[in-house]
Amino acid sequence: MTMRAPGVHRRPDLPDRVRIYEVGPRDGLQNESAIVPVDTKAEFIERLVAAGLETVEATSFVSPKWVPQLGDAETLFSMLPERANVRYPVLVPNVAGLERAQAAGAHHIAVFAAATETFSRRNLNRGLNEALEMFAPVVTKARQEGMWVRSYLSMCFGDPWEGEVQIDQVVDVALRLVGQGCDEICIADTIGVATPGHVHDLLDALGRAGVATSQMAVHFHDTYGQALSNTVAALEAGVTTVDSSAGGLGGCPYADSATGNLATEDLVWLLQGLGIETGVDLEALVKTSTWMADRLGRPSPSRVVRALQDGRTPEKSEP
Ligand code: HMG
Ligand code: MG
């Protein structure tokens, strides 16, 4: 018996539709030791869009000295065809980055703060307060000019240098980010240490502090295999935007213990089984991640990609 899709069992307490915010081309490729050719990146994004992903974070307009892997941001962005229903958000740390993104034609940007002082310094060369000061004019100018703005908040659960991160500390920084006027705040588990109870408690605390669930997104890395469980906890809290990375590519060059993001294929399998609409064609996505894994010279860490690639059926392929 071939199972290339899960049986569907709806849970009425969960949302009907989830927006998948694909981060593979940015969070995935920023962490590759080899520089991926720009044509390959453009084809990767094109294939992701063809598989039904409508939000694909394409690249970062950061310092190329800090992230050389994304030093081709202008060239890549110019290769992306404009489509009415597709968004290509880009990371922007400062006004110089915003100007580059605008000149390239971006309409959707993301600034990226941290809930901890140490990671803020490692990732942005600035403490938490200075980083928020750097973002304030970016968010204001972008919003005035009609752009959509996401604010990431990294290290919301644990930090490799500071240990477990307290919920009050995360809520405090989140409220400051929301106060700057972003459209969406993305709660990130950069090093993958969260567990579902922690996710529930943090999202609940954010809600009680006045952050609307409709404004929240979640971004889980899968270091400890908890990303899918954490996603279910976020869906239970009413979150409908979930980040993932095709094939489970990813990490963060400034956080050693960050491994790949939640794989988009694993997320799609979960959501399909729950009868939650995503608009994504799983078979096309698996082919794309297999193709990308071949380009990178190593297999995808996604369980679903490994189970479905090459048209194999998992039941027959296991010894
Ligand atoms: P700095 O060294 O303090 O910056 O870095 P600076 O303002 O002193 O400038 C230094 C040089 O960079 C200057 O050039 C600037 O012109 C240039 P020089 O005079 O030496 O030739 N520069 C730029 N060039 C191009 N574009 C720019 C730009 N800004 C300055 N936008 C800075 C500060 C913020 C620039 C740096 O720390 C940086 O680029 N950091 C980015 C780090 C990064 O991208 N990390 C990964 C993304 S975050 C992540 O992955 C987490 C996430 O996935 C969520 C999660 O999982 O938690 C989002
Ligand atoms: Mg990340």
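In which helix does Arg-26 lie? Arg-26 lies in helix α1, residues 24-28, where helices are DSSP runs (H or I) of at least four residues and strands are DSSP runs (E) of at least two, numbered from the N terminus.

This is a predicted model, in which local features need pLDDT of at least 70 and side-chain atom pairs count only at pLDDT 80 or more, whereas totals for chains, interfaces and linings use all residues. Residues are numbered from 1 along each chain as its sequence is written, chains are lettered from A and ligands numbered from 1 in the order in which they are written, and side-chain values use heavy atoms, with hydrogens and water left out.

Arg-26 is buried, at a relative accessible area of 6%; buried means under 20% with a 1.4 Å probe, protein chains only. Leaving aside neighbours within four places in sequence, Arg-26 has contacts that include Leu-70, Leu-91, Tyr-152 and His-219, contact meaning heavy atoms within 4.5 Å. The side chain of Arg-26 also makes a polar contact with that of Glu-57 at 2.7 Å; a polar contact is a pair of N or O atoms within 3.5 Å, and within protein one must be able to donate a hydrogen and the other to accept it, while residues adjacent in sequence count only if both atoms are side-chain atoms.

| Residue | Ligand 1 atom | Distance |
|---|---|---|
| Arg-26 | oxygen | 2.9 Å |
| Arg-100 | nitrogen | 2.8 Å |
| Asn-123 | nitrogen | 2.8 Å |

Taken alone, ligand 1 exposes 1100 Å², of which the protein buries 75%, with areas from the Shrake-Rupley method and a 1.4 Å probe.

Note on methods: Buried means under 20% relative accessible area, exposed over 50%, partly exposed in between (1.4 Å probe, protein chains only).
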